[in-house]
Amino acid sequence: MTKEEYLALTEVLQPTIEEIRERAYMLHESVNQRYDGVHPYGYHLDMVADSVRKYGHLVCVSEFDILPLFFGAYYHDSIEDARMTYNDVKKGARLFMNNEQTAMATEIVYALTNDKGRSRTERAGDHYYQGIRETPYAPFLKLSDRLANITYSFTHTNKTNEHMRNVYIDELPHFLEAINAHSDDPRFGLPEEMINDIIKLL
């Protein structure tokens, strides 16, 4: 799909994407979740969705996959941080998509949900990354999430962000390999353009 085709289809779907966005905003507001302690969590969700809009044409193979991509962007933390279950996410996705799209969107969100663990390493271990590598579009959305967090940490100054800059720099080689499915299927791809943008930031 060309960038022009992708953006045109995204524009047609914009009313539905906006409704998905508003519901995700309300969900995270309902659990009082903040981003960096100061922003509504939707601030982060919009940054992830911006990457879907900017780079999505590099991985999207069908117009029917656009809504699952945006749903994944807006709901990727809903199980982990907003007390949703797998079935809650599935029920929410069904409001906007057909059964096949709903299944894809729900699997993306599930794949991006950290495992239970006492540390960052335990929560994002081998099992977690395997699930990402095996789920269409999950590697791309995980990369979108990481790009959003890196961009924020390098443009906002406080002790937490300064610490996370070093974490992201140290983690990058392992992170990229861990989410790389090494597949010829674009749905599992990691756009080189995105990786280059991350490297420039770091």
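## The lining of the largest pocket

In this predicted model, the residues that line the largest pocket divide by class into 10 nonpolar, 11 polar and 11 charged. The lining is made up of 32 residues, and those that lie nearest the centre of the pocket are N114, R120, N149, M164 and Y168. The space in this largest pocket comes to about 770 Å³.

Of the contributors to the lining of the largest pocket, helix 11 gives the most, with 7 residues.

## The second largest pocket

The second largest pocket holds about 200 Å³ of space, and its lining consists of E107, Y110, A111, T113, N114, D115, H127, Y128, Q130, G131 and T135. Sorted by class, these lining residues are 3 nonpolar, 6 polar and 2 charged.

Helix 7 (99-111) and helix 9 each provide at least two residues of this second lining, and the largest share, 4 residues, belongs to helix 9.

## Helix 2 and its buried face

Helix 2 covers residues 14-30, and its 17 residues reach 24 Å from the first C-alpha to the last, which is close to the 24 Å expected at 1.5 Å a residue. Which residues of helix 2 are buried? They are I17, I20, A24, L27 and H28. When the helix is viewed down its axis, these buried residues fall within an arc of 90°, and therefore they line one face of helix 2.

The buried residues of helix 2 pack against helix 1 (3-12), helix 3 (42-55), helix 4 (66-75) and helix 5. On the other side of helix 2, by contrast, P15, M26 and S30 are exposed. After helix 2 comes N32, a residue whose phi is positive, near 55°.

## Two exposed loop residues with positive phi

R83 is a residue other than glycine, yet its phi has a positive value, near 65°. R83 is found in the loop between helix 5 and helix 6 (86-93). Is R83 buried or exposed? With a relative accessibility of 67%, R83 counts as exposed, because exposed means over 50%.

H182 is likewise not a glycine, and its phi is positive, at about 50°. The loop that holds H182 runs between helix 11 and helix 12 (192-201). The relative accessible area of H182 is 57%, so this residue is exposed.

What is K142 in contact with, if its neighbours within four places in sequence are left aside? The contacts of K142 are then L112, Y128, I132, F175 and I179.

Definitions and conventions: Residues are numbered from 1 along each chain as its sequence is written. This is a predicted model: local features need pLDDT of at least 70, side-chain atom pairs count only at pLDDT 80 or more; totals for chains, interfaces and linings use all residues. Side-chain values use heavy atoms; hydrogens and water are left out. On a 1 Å grid over the protein atoms alone, a cavity is a set of points where a 1.4 Å probe fits but cannot get out, and a pocket is an open set with protein on both sides within 12 Å along at least five of seven lines; lining residues have an atom within 4 Å of a point. Grid points are joined across faces, edges and corners, and a volume is the space filled by probe spheres set on the points. Ala, Val, Leu, Ile, Met, Phe, Trp, Tyr, Cys and Pro count as nonpolar, Asp, Glu, Lys and Arg as charged, and the others, Gly among them, as polar. The expected span of a helix is 1.5 Å times one less than its number of residues. Buried means under 20% relative accessible area, exposed over 50%, partly exposed in between (1.4 Å probe, protein chains only). The arc is that of the directions from the helix axis to the C-beta atoms. Contact means heavy atoms within 4.5 Å.
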